[in-house]
Amino acid sequence: MPEHEERGARAETDGPAGRRVPPQERRGEAEEPGSGRLPGSAAPGPDVDPAVRWPDLMLPLLRTPTTARPLAGGGGRRRDGEPSPAEVAAVVDLALLVGELMLACGEAAEGVEAAMLAVARTYRAGPCDPQVTFTRVAISYQQGPGEPPVTAERTVHHPAGDYAGLAALFRLVTQITGGGLAVDAAHRRLRAVRRYSRHYPGWALALSSGLLAGVATLLIGGRSDARAWLVFVSAVVAAMAGHQLAALVGRHDLPEFYRIAAAATPAAVVGILLSFNQLQLRGSVVITGGLYALLPGWPMVAAVQDGLAGFYLTAAARLLEVLYLLAGVVVGVMSVLYVGVNNGADLATQSVPTSLSNPPLQLAAAMLLALAFAVLLNTEPATLPAVLVNSMAGWTTYAVLVGAGGEPIMATGLAAVLVGLSGQLMARYRGSSALPFVTAALGPLLPGSLLYFGLLAFVRGEPETGLSGLGRATATAMALAIGVNLGREAARLFLPATGAPPPGRRRGGRHRR
């Protein structure tokens, strides 16, 4: 998990309001020695109803104008009067820290705002208005018409996918909204989340990067002969070399663009070398497999989800980030392709990917690709079996539709709807965020081959073919994100949360950032 600014951190003594916490309010605050588990990583306690999902309760409020929202009811600590200014400041700081860490872990903007609003309303710090814009979280609160407003904000400099941290934060907010934590106890739990380390060591991440590229060659090639396994090994070695090269570049604090460009170079070099042989090895498949390991999957999905939710500024910023990352991949690959193509390398028609040449092998490859992707996103080990099941369902749906003559982009969108819906069901059962169950499962459906052949067409002087390929790659990415969002909204509409009545009729839209 990336490091964040420490301003506004609370002391670890008696809590933000200066009140000493009774022992019963401290239950579950300390980490288990040697377990490596977050304090918030256990399932919600018996006092938290798993059927009451705070995202389903908060999203309708977020989509309601601030002045039309019902006042915050009970929850948290009951008082005869309103919270004191010191208690309000502690709640605002807690909600802000939750939003900062959730945004840093890869949550979409609407999900971050929902978590911040849920924390503030649980402790009766309302009305309040959370705001999220890509790398900035803010929250405003005014206790009364004549009272001075309280506004605080934080900046997240390096958002990245960290789904173990996101799941722990989700469970922490669930316990807070269930009334199981006092404000000062929640602050201590949150500090433990900030100190949380990754589940997987560096060698496991490098191996997962290589495995992702290797199984991608089996997925798009659909062969299992000796040459295919030689290509598999070559892709694994190239991707692991790219991972280490990117880490070396990152030690010098260079921007992400240069790290992505450096990571893309070894796969292109190995692909060019394999094309100069008499064994008819498929160098283009090595390059395509390397692209799967570098495509910004979760930023693309998060960008489209933010746009569909009305966070247009955040969506535009995420899309711009995706474009810069893709530009890094293009620079790293095309700089090598130019040299290879101009020296006689045959990277075009010798290995055009086929969708259903070997369904059993490709299904196994799709599941392994999703597994490697999940490890790179720091998904909790207990979640990996569900990711495998979801990826199997998504790829099987895609393969059946394409085998029946369906359009690949339409098949991708329908498979994404199924993945999004099943991910929501798994998240509801586990009481966690849906992103860990969804994003990695979409890995086999990413448009890596379309992107590669579009770039290759530009290198070969065929701009119309290149634009067509890149357009299809963009349409496939949009179909993935829209399908996931549609599955999420379907789950929210047909499986409503319990525990609170829906808000009143809305009187107009809400201004989005």
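This is a predicted model: local features need pLDDT of at least 70, side-chain atom pairs count only at pLDDT 80 or more; totals for chains, interfaces and linings use all residues.
Figure 1. Residues are numbered from 1 along each chain as its sequence is written, and side-chain values use heavy atoms, with hydrogens and water left out. A pocket here is an open set of points on a 1 Å grid over the protein atoms alone, with protein on both sides within 12 Å along at least five of seven lines. Its lining residues have an atom within 4 Å of a point. Grid points are joined across faces, edges and corners, and the volume is the space filled by probe spheres set on them. To find the centre of the largest pocket, look for Ala160, Gly161, Glu256, Arg259 and Ile260, the closest to it of the 45 lining residues. Helices that give two or more residues to this lining include α6 (202-221), α8 (256-275) and α11 (312-342). (Helices are DSSP runs of H or I with at least four residues, strands are runs of E with at least two, and both are numbered from the N terminus.) By class, the lining has 29 nonpolar, ten polar and six charged residues. Nonpolar covers Ala, Val, Leu, Ile, Met, Phe, Trp, Tyr, Cys and Pro; charged covers Asp, Glu, Lys and Arg; the others, Gly among them, are polar.

**Figure 2. The largest cavity has a volume of about 320 Å³.** A cavity differs from an open pocket in that a 1.4 Å probe fits at its points but cannot get out. There are three cavities of 30 Å³ or more in the model. Which residues lie nearest the centre of the largest cavity? They are Glu107, Gln424, Ser433, Ala434 and Arg488, part of a lining of 20 residues. The largest share of that lining, four residues, comes from α1. Other elements supplying at least two residues each include α3 (109-122) and α15 (435-438). The lining divides into ten nonpolar, five polar and five charged residues.

**Figure 3. Arg136 and Glu153 join two strands through a salt bridge.** Side chains of opposite charge can pair when their charged atoms come close. The rule used here asks for a side-chain nitrogen of Lys or Arg within 4 Å of a carboxyl oxygen of Asp or Glu, and the count comes to eight salt bridges. In this view, the N to O distance between Arg136 and Glu153 is 3.1 Å. Arg136 sits in strand β2 (residues 136-141) and Glu153 in strand β3 (residues 150-155), so the pair ties together parts that are 17 residues apart in sequence. Arg136 has a relative accessible area of 25% and is partly exposed; Glu153, at 41%, is partly exposed too. (Buried means under 20% relative accessible area, exposed over 50%, and partly exposed in between, with a 1.4 Å probe and protein chains only.)

**Figure 4. Glu380 and Arg171 form a salt bridge between two buried residues.** The closest N and O atoms of this pair are 2.6 Å apart. Glu380 lies in the loop between α12 (359-376) and α13 (384-403), and Arg171 in helix α4 (residues 163-177), so the bridge ties together parts that are 209 residues apart in sequence. Are the two residues buried or exposed? Glu380 is buried at 11% relative accessibility, and Arg171 is buried at 8%.

**Figure 5. Glu407 and Arg472 pair in another salt bridge.** Here the closest N and O atoms are 2.9 Å apart. The pair links distant parts of the chain, with Glu407 in the loop between α13 and α14 (408-430) and Arg472 in helix α17 (residues 463-494), 65 residues apart. Both are partly exposed: Glu407 at 38% relative accessibility and Arg472 at 33%.

**Figure 6. Ala415 is a buried residue of helix α14.** Its relative accessible area is 0%. Contact means heavy atoms within 4.5 Å. Leaving aside neighbours within four places in sequence, Ala415 is in contact with Gly394, Thr397, Tyr398 and Leu445.
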